[in-house]
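Here are my notes after a first pass through the model. Have a look at the structure, then read the points below alongside it.

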Amino acid sequence: MNLNQRQQEILQRVQQHGFVSIDNLVAGFNVTPQTIRRDLNTLCDLGVLRRFHGGAGLPSSSVENIAYPARQILNLQEKQRIARLVAQHIPDKSSLFINLGTTTEEVAKALADHAGLRVITNNLNVATLLSDKPGFEVIITGGLVRHRDRGIVGEATVDFIKQFKVDFGIIGISGIDPDGTLLDFDYREVRVSQAIIANSRKVLLVADHSKFSRGAMVRLGHIAEVDLLFTDGPPPDSMNELLTQSEVQVLIASAGDATSLPHH
């Protein structure tokens, strides 16, 4: 899963531009076309890129999510910055839900220095990260464990979450539509997230910049149901009025100091 420096830069270029050609990469890195093709094949085998004629682009589908191991390395530094910013807004001795996703797993890591947290999660990776922390109480929902990402979903999961009312619900997302619709790929996972939103005093959405341009076919809810949006760059201009109307506070984990946009 470790990428070399050139492969990381190729991935960053694709994320910025949506598509890169082999010719441009050859010129940009001053290497042979064979070297670039090997790099692209490696990235495609990991599932983080998709080969197109003459180059490569992001794997985009409204039907199927990017594979979990690939999502773990996509925008990892951005997710870690977001996670550190979220951790600053969670007081010790808080109760919280944490749902499925690679960004929420980074949040769990960032919460490790807290004290006295009560965490309810349907994410076995989150439970593993936090359960050996002294003073934490970690509660795992019931339900079906998915092999691909160790997430727990199903009717039993939803029923379990409805037993609680917690301080913070921390949720990840697959995509945010320009009209503010929150999107995901698995309707069972969506029902769990909806229960988390309904039973949290404050809803914290964690979404790196790539989520503003991704489509997915299952409607989770609307951005207006979120209290705080944590991301790593300014949302698209087209969404600013919507965020203002929805009274969503946007917090940006920039490469330097984390900043907060004016309270919407």
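1. Some ground rules. Two strands count as paired if DSSP finds at least two bridges between them. Helices (H or I, at least four residues) and strands (E, at least two) are DSSP runs, numbered from the N terminus. This is a predicted model, where local features need pLDDT of at least 70 and side-chain atom pairs count only at pLDDT 80 or more, while totals for chains, interfaces and linings use all residues. Residues are numbered from 1 along each chain as its sequence is written, and side-chain values use heavy atoms, with hydrogens and water left out.

2. Start with strand β9 (residues 166-172). Six of its seven residues are buried (under 20% relative accessible area, with exposed over 50% and partly exposed in between; 1.4 Å probe, protein chains only), so β9 is largely enclosed by the rest of the structure. It runs parallel to strand β4 (residues 95-98), joined by three bridges; Ile 98 has Ile 170 of β9 as its bridge partner. Strand β12 (residues 200-206) also pairs with β9 in the parallel sense, over six bridges, and there Gly 169 is partnered by Val 203.

3. Now the open sheet of three strands, ordered β1-β3-β2 with antiparallel pairing. Its edges are β1 (19-21) and β2 (50-52), each pairing on one side only. Three bridges connect β2 to β3 (residues 55-57), and Phe 52 sits opposite Gly 55 in β3.

4. Two helices lie across that sheet's strands. Helix α1 (residues 5-17) lies across β1 and β3 at about 125° to β1, and helix α3 (residues 33-46) lies across β2 and β3 at about 135° to β2. Contact here means heavy atoms within 4.5 Å; axes are lines fitted to C-alpha atoms, for helices over the stretch in contact, with angles from 0 to 180 degrees between N-to-C directions.

5. The salt bridges deserve a look. There are 11 (a side-chain nitrogen of Lys or Arg within 4 Å of a carboxyl oxygen of Asp or Glu). In one of them, Arg 146 meets Glu 189 with the closest N and O atoms 2.9 Å apart. Arg 146 lies in the loop between β7 (144-145) and β8 (152-153) and Glu 189 in helix α9 (residues 187-198), so the pair ties together parts 43 residues apart in sequence. Arg 146 counts as buried at 5% relative accessibility, as does Glu 189 at 11%.
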